[in-house]
Amino acid sequence: METALALPQERRDFVHSLRMRSRYALFLAFVVVVFVFIEKENKIISRVSDKLRQIPQALAEANSTDPELLLAENASLVSLSELDSAFSQLRSRLHNLSLQLGVEQPGEAEAHTDQVPLSPAGAGPRRHVLLMATTRTGSSFVGEFFNQQGNIFYLFEPLWHIERTVAFEPGGANAAGSALVYRDVLQQLFLCDLYVLEPFITPLPEDHMTDSMFRRGSSRSLCEEPVCTPLVKKAFEKYHCKNRRCGPLNVTLAAEACRRKQHMALKAVRIRQLEFLQPLAEDPRLDLRVIQLVRDPRAVMASRMVAFAGKYETWNKWLAAGQDQLHEEEVQRLRGNCESIRLSAELGLQQPAWLRGRYMLVRYEDVARSPLQKAREMYRFAGIPLTPQVEDWIQKNTQVAHGSGIYSTQRNSSEQFNKWRFSMPFKLAQVVQTACEPAMRLFGYKLAPDAAALANRSISLLEDRGTFWVT
């Protein structure tokens, strides 16, 4: 009988490569091979393919992390639940296939998730807070409201590793599947299963040790004792802690620290569709609270054109050349981005049963004008007491004259949110207003009729929406 050691070299290489990535990466990277295996035993692939064809290509692209998105008008989310079910079945079949190949041992997938984190005795229920946003909306700044609270385990953009490791091609199964992978990884992270990130970190961690955890320094929980281990001489930390020198991150210590904290929070700009989070909201192990952060799309565009100049080269050339027309493809991407955000917000505001009491919509401009008040509202919504530690941080970090860079979380918040108005060319503002008008009206952003109104400090472009944004 053929043993594992007697396998042909080609097959041994194949098995080894499977071990190097998680079951989710395996699903995407070897999707064609898996399709062949499973097609012989089951017709599930044809059902998955049918569901994927029912989803507009633009909707799939709306779940990519490119800030320029394309979404067809009147795109429907009706088939997502069916796709999710088909994906779950495919994942189960893939798990069985892995067992047959000897890639995974029975019980290995559940090895790190059998311990459900519990709040300390008498401390109240454990909350799981997701700050859901898009790039350049002030999410790093708002995320600090939770990062500064000592009893919250906070993670900064952990899904970055998934995006950088797995190739999600635009459209088709990969793009639609990416949102499900993000969601499943997010679910495990909320359960303090930080091991789920290891297969996506490059280079692969050794003995659960890594020096490549993205923006480790943006998470106080990853830079405090006992997670902050003694510095190793000559060890290079790609993302080092800000206020102290630590050795490579020990994922086991970090997972244990997560379980000891009373609450869990993380920030993600790679979750595009709110509907994908329904399984998390219905998971009895979690008490999910979703805070969706939005910002005036004109301000977002102004910020992205500086921060991501390479991706907006066409826009900059259009402005520099003084041309009247911009490529329609660029406008469509902008419209798709705004529609993706609007669709999620509308779903949240409709208060479906699974989201009731779990969704809050917050405008960055309201946070910038009244940071302490909005922090109190967000904490009240999350069901977590606000500590003086957070209040002190807000007072110290919202009154500075200037931030230290485009990624800074320090700012004079009452002045910062309006700066874009006085440097944005009006024709650029017009394009954004035309493409994003439905979203702007939903969120209470007023259209500027002309260049004079855009640059007039005495004219507010923000409607007062009070506090009815909590559902």
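In which sense, left-handed or right-handed, does α12 pass α19? The crossing is right-handed; a crossing is called left-handed if the near helix is turned anticlockwise from the far one by less than a right angle, and right-handed if clockwise.

## Basis of the model

This is a predicted model, in which local features need pLDDT of at least 70 and side-chain atom pairs count only at pLDDT 80 or more, while totals for chains, interfaces and linings use all residues. Residues are numbered from 1 along each chain as its sequence is written, and side-chain values use heavy atoms, with hydrogens and water left out.

Helices (H or I, at least four residues) and strands (E, at least two) are DSSP runs, numbered from the N terminus.

## Helices α12 and α19

The axes of α12 (residues 297-307) and α19 (residues 426-443) come within 9 Å and cross at roughly 130°. Axes are lines fitted to C-alpha atoms, for helices over the stretch in contact, and angles run from 0 to 180 degrees between N-to-C directions. α12 is therefore oblique to α19, given that angles under 35 degrees count as roughly parallel, over 145 as roughly antiparallel, 65 to 115 as roughly perpendicular and the rest as oblique.

Contact means heavy atoms within 4.5 Å. On the α12 side, Pro297, Arg298, Met301 and Met305 meet Leu428, Ala429, Val432, Gln433, Cys436 and Met440 of α19. By class, this contact has eight nonpolar, one polar and one charged residues (Ala, Val, Leu, Ile, Met, Phe, Trp, Tyr, Cys and Pro count as nonpolar, Asp, Glu, Lys and Arg as charged, and the others, Gly among them, as polar).

## The five-stranded sheet

Five strands form an open sheet in the order β2-β5-β1-β6-β7, with parallel pairing; two strands pair if DSSP finds at least two bridges between them. β2 (152-156) and β7 (359-363) are the edge strands, each pairing on one side only. On average, and with direction ignored, neighbouring strands are turned by 20° against each other.

β1 (residues 128-132) and β5 (residues 263-268) pair in the parallel sense over five bridges. Met132 has Ala268 of β5 as its bridge partner. Helix α14 packs on the sheet, where it touches β1, β6 (288-294) and β7, and its direction makes about 130° with that of β7.

Arg342 is found in α14 (residues 328-349). Its relative accessibility is 14%, so Arg342 counts as buried (under 20% relative accessible area; exposed is over 50%, partly exposed in between; 1.4 Å probe, protein chains only). Leaving aside neighbours within four places in sequence, Arg342 is in contact with Pro438, Ala439, Leu442 and Phe443.

Tyr195 lies in the loop between α9 (172-190) and β3 (209-210). Tyr195 is buried, with a relative accessible area of 13%. Tyr195 and Ala254 are 59 residues apart in sequence, and 9.6 Å apart in space from C-alpha to C-alpha.
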